[in-house]
Amino acid sequence: MDKKKVKDYMTYDVVSVDSHGTAKDVIDSIQKTHHDGFPVVSGNTVIGYISARDLLFVPHETPVEEVMSANLIVADPDMDINDAARVIFRSGIQKLPVVDEKNN
C-alpha cells in the first residue's frame, strides 16, 4: 500500500498576499476570505507567512515584510503525511505551508 503524501491532502487553491502590500491589504483579505493568515509571496516564491495576530496594534500602512514571519517551517508535497503531522504537533504550529525545492 502506498503511503499518503502531503500532496494528497494539501490545498491547491491557496490565497496569498504580496510581500509589497500593507497591513491594510492583509486585513482586507481576511475580511474577504475569512482566513486568518496567508503565505506571503514575492512573485511565485513563498518568503513568509502573516496571520491576523501579526497585525494587532500595527498601523494600516505598515509593509507586510515588516510584520510577517520569515523563518518558516514548511513541507514538501512528497513528504509523508504522518511526518508532516509530527512536524505540526512537535512545533506547535497551526499552518504548514507546502513548497517545492524552489520555495514556490
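The model is predicted. The chain holds 3 helices and 3 strands, arranged along the sequence as β-α-β-β-α-α. Its C-alpha trace spans about 50 × 25 × 25 Å along the principal axes. Of the 104 residues in the chain, 29% are buried.

**Salt bridges**

- The chain has 4 salt bridges, among them the pairs Asp78–Lys7, Lys24–Asp28 and Asp36–Lys95.
- As background, side chains of opposite charge can pair when their charged atoms come close.

**Asp78 and Lys7**

- The side chains of Asp78 and Lys7 form a salt bridge with an N to O distance of 2.8 Å.
- Asp78 sits in the loop between α2 and α3, and Lys7 in the segment before β1 (17–18), so this bridge ties together parts of the chain that are 71 residues apart in sequence.
- Asp78 is partly exposed, at a relative accessible area of 43%.
- Lys7 is also partly exposed, at 37% relative accessibility.

**Lys24 and Asp28**

- Lys24 and Asp28 are joined by a salt bridge at 2.6 Å, N to O.
- Both residues belong to helix α1 (residues 23–33), where they are 4 residues apart and hence separated by about one helical turn.
- An α-helix has 3.6 residues a turn, so residues three or four places apart point the same way.
- Lys24 is partly exposed at 33% relative accessibility, and Asp28 is partly exposed at 34%.

**Asp36 and Lys95**

- In the salt bridge between Asp36 and Lys95, the closest N and O atoms are 3.3 Å apart.
- This pair links distant parts of the chain, with Asp36 in the loop between α1 and β2 (37–42) and Lys95 in the segment after α3, 59 residues apart.
- Asp36 is partly exposed, with a relative accessible area of 40%.
- Lys95 is partly exposed as well, with a relative accessible area of 39%.

- Asp80 is found in the loop between α2 and α3.
- Asp80 is buried but has no salt bridge.
- Lys3 lies in the segment before β1 and counts as exposed, at 64% relative accessibility.
- Although Lys3 and Asp80 are 77 residues apart along the chain, their C-alpha atoms are separated by 6.7 Å.
- Asp80 also has a contact at the start of helix α3 (residues 81–91), where one of its side-chain oxygens comes to within 2.8 Å of the backbone nitrogen of Asn82.

**Negative surface patch**

- Asp18, Asp25, Glu65 and Glu66 gather in a patch of negative charge on the surface.
- Glu66 is exposed, at a relative accessible area of 61%.

**Positive phi angles**

- Most residues other than glycine have a negative phi.
- His34, a residue other than glycine, has a positive phi near 65°.
- His34 is placed in the loop between α1 and β2 and is exposed, at 71% relative accessibility.
- Asn103 is likewise a residue other than glycine with a positive phi, near 65°.
- Asn103 is located in the segment after α3 and is partly exposed, with a relative accessible area of 35%.
- Gly92, which follows α3, has a positive phi near 80°.

Note on methods: Residues are numbered from 1 along each chain as its sequence is written. This is a predicted model: local features need pLDDT of at least 70, side-chain atom pairs count only at pLDDT 80 or more; totals for chains, interfaces and linings use all residues. Side-chain values use heavy atoms; hydrogens and water are left out. Patches are made of residues with over 30% relative accessible area and no salt bridge: like charges are joined within 9 Å, nonpolar side chains (Val, Leu, Ile, Met, Phe, Trp, Tyr) within 5 Å. Accessible areas come from the Shrake-Rupley method with a 1.4 Å probe; for residues, only the protein chains shown count as cover. Lys and Arg count as positive and Asp and Glu as negative; His and the chain ends are not counted. The place of a charge is taken as NZ of Lys, CZ of Arg, CG of Asp or CD of Glu. Buried means under 20% relative accessible area, exposed over 50%, partly exposed in between (1.4 Å probe, protein chains only). A polar contact is a pair of N or O atoms within 3.5 Å; within protein, one must be able to donate a hydrogen and the other to accept it, and residues adjacent in sequence count only if both atoms are side-chain atoms. Helices (H or I, at least four residues) and strands (E, at least two) are DSSP runs, numbered from the N terminus.
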